[in-house]
Amino acid sequence: MAISSDTANSSDTADETTASTLPAAGRTDAWYVQYAREHVLHIAVIAFLAAYPGIYSLLVNSPVSAEFVAVLPRVETMVTVLYFGLFAMSFDFISGYTGYLSFGHAAFYGTGAYFVILATNGKFPGVGPETPFVALLVLGGLLAVALAIVIGALSFRLSGVYFAMITLGFSQVLYVFVRDWSFVGSAPRDGIAVTGKLSGFQIGVPGVDALNLAIGQLTGDAVEGFLGVLSFTPTEVSYYMVGLVVLVSYFAMQRIIHSPFGRVMIAIRENEERARAIGYDTFRYKLGAFAISAFFAGIAGGLLAGFKRSVTPESGFYFLVAGDALLASVLGGFGTLAGPLYGHLFDETVREFLSKAGGGGGLLPYLRDHLGANTMATELYNGLTVAEAIDTFLNGHAALYVGILFVLFVLYVPNGLLGTLRDRYGGTLSTVVARWFQ
Amino acid sequence: MSLLSLSNVHTYYGESHVLEGIDIDVHEGEVVALIGRNGVGKTTTLRSVLQLTQPRDGSITYRGEELVGLGTHEVAQRGLGWIPEERRMFGQLTVEENIRVAVPDAGDEAAALDQAFETFPDLESRRDADASDLSGGQQQMLALARGLVGENDLLLVDEPSEGLAPLIVDAVADALNAAAEHTTILLVEQNLPLALDLADRFYVIDHGTVVDSGDTSDVTADDDRLRRYLSA
Amino acid sequence: MNGLVLLGDALVLSGFVDALVDFLGPSNLGTVLLDGLAKAALYVMIASGLTLVFGLMGVLNFAHGSLTMVGAYLGGLLLVLTAGTATGGVTRILLFLLAVVTVFAILAAVGGLLEVGLIRPIYDRPPLYQILLTFGVTLALDEFVRIVVSFYGIQPISEWQAALATKPAALSQSYAFAGVSARGLALFQILFGVATIVAIWAFLTKTRYGLFVRAGSEDGEMLAALGVDVQRVFTLVFALGTGIAGVAGVLLAWDPSWGASVPLAAETLLPAFVVVIIGGLGTFRGTVVAAGIVGMTDATMTWWFQNFVDFTGLPEMTIFLILVLTLVWRPQGLYGVSEVGGH
């Protein structure tokens, strides 16, 4: 029987986890059994994500392919889901757990992305095309941390709307800066691309060649004969390597949330006055949380740069980038950490479903195949055929429908999908599933 | 029949159970005082009547009509006026504008202003001043004026003497007495002598319930009966 | 090496001094002043609605920019439909005024519906939700407009040229007086801005509802306790705010540096935020003064960018830096009462 509180997701504390997954009296389980039980759901999700490329190719090549090609996102979209999902999770880390809405979060994402590319292009002393990608990721993250400390030191004197606006202001300054500064490139408005290095960025143990795999749709490594039977395309390899980084990052953030530090973060969200009265230096905790969230946002940006090998001011620094993270968090659930990843997965799935892009997956080709050319050509109004109507009102305009959904969620499902599920079952889903296995 | 009747009212602030079953009756024409320590729920009682903080349980009737569930402005429109703690002037509006806001009918503004300034001549000389520039005593008069021009039959007055010098308190008491001649008043006041002087009856509130009540003519300010419920 | 660096610095410094002297010359200064006032007028129009709504309701309407954009397209549509090539200048101005009135009415109605349907239900929730909700509205609305506009063959991203063309010729010209060159459009915008300021000021100080708005911006609870239906005042102010936003859009549809386009939503939202926060959330006086400051800064920095500093983003960056400085030094803004984070 869970205690329902006014604000959701305060139930995701470490106490709940341990309290409800203690073995029955008299039995002592080995630590790994305990760990496995507590993380059954995590393992299941990770297993599913790991199997996804395989599932996708299986379904695409099967008789039922049409339906699935239409609905399931392509593997390369999934790569974006992963690294932007990490960004969205870092956004939730600060906004969902401390209650301070970081509307300027794109600043850190853009910093990570730009740093990786500029460093690889030799713009900074000390780093260059030969620097291991993993090192660049960490350095980009640290750069974002430094930025966060500066921004946070000034911004955390305020709260609420003011905090959101001032962080937005900072991120827009950076946006304009990067858009117009010639140091960045010859046509800064168009963004920058990797020119200093032709081969793909490698993720793995730096220096150990055998434990590194390159990412990138064209530059990535293809793997043949893994475990004797499996082969992976460069995109699939990118998916796994990026996924690995995201996974490690997620667990790191999760550890912090479930630690005393994380509990103070939540206390700040629930009632900052009281937290301060108890004796916590809330300013330091907020700054710390902000810095941590910036670190992972920077890493996410670095992954973007590593995979796409180019970035524009719009895709890195523009405030709507943080808006997308906000959207992901609302759909998935603020203060759930994993929720935003699912929220973004949903967002990208719908966008791809309704994308205008050529034949590759989507509503229009599917309908075309199934309703037949005649139905598609039927005139609805003023010479507009069904096909044209779909192309005009649906395709490429996922933002409208997702936006409407977003509004509906804010009104009726304010805790997002994951958040609502957690409320319903009184605890993180991991603990719920863990209890089944007792 | 009572003008205002609170029956087993329970009000919460969040999860905090502030009013744990309040029963109060106020009859037309009288002045009733609520006495008690800080934090026992006196202000909350007034706020509950006005539906500023809606009671979770119990009933509050005014002239027989249930108030719980109505909007604050609907309660006010039925003739209840609020003269809150800290007066709550609209500081950036002038004295005159502060009064005008309280007048229910736009057409009556001029008449209402005349009447207010007649009762409080001190305010007339400062009619164009920003309300935030007034002294504490003048603000209290303005708050009273607002309550009176609102065509209210019942005034809910919260700590009118708070923060005022004794001489000013006397003036406030005079004004309240004058108002009491044609308006019913429910008064919250920590200044015991003032409360007993103004009121006909009293209720003592402790820990969110009524623990004692009676006629003010039966008690004095030094009475142990009352003192034990007040701050040391 | 040192000598060369010093020489380089000296050259830059002397170049700067030259530019400064140039800038302070009466004709340049005059032009910049007028440009600044025109920009200030636009900023006042873009920001007034936002400040009235936030001051009274504590709601930061993220969809404000989108509503300006809708106003620009609607106004542009009315003008394109009614102004033929032979229409005279005066008639065009009259048609413009007609468009303004129509757009105001339509957008005010839309605003009222928005408030009743979407804002009111979440009014009691933490302010975060209002930001989220209005953000969602902006996403959906922008995309919706994109669909409609593309459907009729108008490019959503570039400025609507046809609408720009409905301007009377008199406004596209520049006029010289007292050695200063003034664009006709700038003068028109200043006039409009002043008219708007006067109209809003009159509403706030001379009408009963204006009185309620000012009182409610200070203490909504007390206002309700005085018998005023604050909910109705909210709806009215929200409608008013969106109406003004729409009118600002119509004005912008005639300005080649803005123009009716979907990105106009974001282009106006950010400056609106800046102006409102520098001036003080909820004070109209603050918005007017801040619009003046931001407008003058914008015009000044634009001149400097065109004549000395090769950095396109100079005006924008300066303005954002002013925002940051304001929030650090005086978060409640120039005329703000206190750090109101909501209601």
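Predicted model: local features only at pLDDT ≥ 70, side-chain atom pairs only at ≥ 80, totals over all residues.
How many helices and strands does chain C have? Chain C has 14 helices and two strands.

Of its 343 residues, 54% count as buried. Its C-alpha atoms fill a box of roughly 75 × 55 × 40 Å, taken along the principal axes. What about its radius of gyration? A compact globule with 343 residues would have a value near 20 Å, and chain C has 21 Å, so the two agree. Now look at contacts between residues at least 6 apart in sequence. In chain C, 77% of them join residues at least 24 apart.

Next, a pair of helices in chain C. In general, two packed helices are described by the angle between their axes and the distance between the axes. Our pair is helix H3, residues 64-82, and helix H12, residues 264-279, both of chain C. Their axes come within 7 Å. They cross at roughly 130 degrees. H3(C) and H12(C) are therefore oblique to each other. The crossing of H3(C) past H12(C) is right-handed.

Which residues of H3(C) and H12(C) meet? On the H3(C) side, find C:His64, C:Gly65, C:Ser66, C:Thr68, C:Met69 and C:Ala72. On the H12(C) side, find C:Leu264, C:Ala265, C:Ala266, C:Thr268, C:Leu269 and C:Ala272. By class, this contact has seven nonpolar residues, five polar and no charged.

One more helix in chain C. Please find H9, residues 208-218. Eight of its eleven residues are buried, so H9(C) is largely enclosed by the rest of the structure. The buried residues are C:Leu211, C:Phe212, C:Val213, C:Arg214, C:Ala215, C:Gly216, C:Ser217 and C:Glu218. What do the buried residues of H9(C) pack against? In chain C, they pack against helices H2 (26-57), H8 (184-206), H10 (220-225) and H11 (230-253). They also pack against H3 of chain B. That takes us to the other chains.

Chain B has nine helices and ten strands. Its radius of gyration is 17 Å, close to the 17 Å that the globule rule gives for 232 residues, so chain B is as compact as a globular protein of that length. The box around its C-alpha atoms is roughly 45 × 40 × 35 Å along the principal axes. Of the 232 residues in chain B, 43% are buried. For contacts with a separation of 6 or more, residues 24 or more positions apart account for 67% in chain B.

Start with B:Glu159. B:Glu159 is not a glycine, yet its phi is positive, about 50 degrees. B:Glu159 sits in the loop between strand E7 (154-158) and helix H7 (166-180) of chain B. Is B:Glu159 buried or exposed? B:Glu159 is buried, because 20 other C-beta atoms lie within 10 Å.

Now B:His207. Here too phi is positive, near 50 degrees, in a residue other than glycine. B:His207 is in the loop between strand E9 (201-206) and strand E10 (209-215) of chain B. With 15 other C-beta atoms within 10 Å, B:His207 is partly exposed.

On to chain A. Chain A has 19 helices and eight strands. Of its 438 residues, 47% are buried. Residues 24 or more positions apart make up 71% of the chain A contacts with a separation of 6 or more.

Last topic: how the chains meet. Two pairs of chains touch, and the most contacts are between chains A and C. There, 33 residues of chain A are in contact with 37 residues of chain C. On the chain A side, the elements giving two or more residues are helices H8 (160-180), H13 (319-332), H16 (386-394) and H17 (398-412). H8(A) gives the most, with 14 residues. By class, this side of chain A has 23 nonpolar, eight polar and two charged residues.

Now chains B and C. Chain B brings 20 residues to the contact, and chain C brings 16. On the chain B side, helices H2 (72-77) and H3 (95-102) of chain B each give two or more residues. The residues on that side divide into ten nonpolar, six polar and four charged.

What about chains A and B? They do not touch. Their nearest C-alpha atoms are 9 Å apart. Thanks, that's my tour.

Key: Residues numbered from 1 in each chain as written. Chains lettered and ligands numbered in written order. Helix = DSSP H or I, 4+ residues; strand = E, 2+ residues; numbered from the N terminus. Rg over C-alpha atoms; globule rule 2.2 N^0.38 Å. Buried ≥ 20, exposed ≤ 12 C-beta atoms within 10 Å, placed from the backbone. Contact = placed C-beta atoms within 7 Å. Axes fitted to C-alpha atoms, helices over the stretch in contact; angles between N-to-C directions. Parallel < 35°, antiparallel > 145°, perpendicular 65-115°, else oblique. Left-handed = near helix turned anticlockwise from the far one by under 90°. Nonpolar A, V, L, I, M, F, W, Y, C, P; charged D, E, K, R; others polar.
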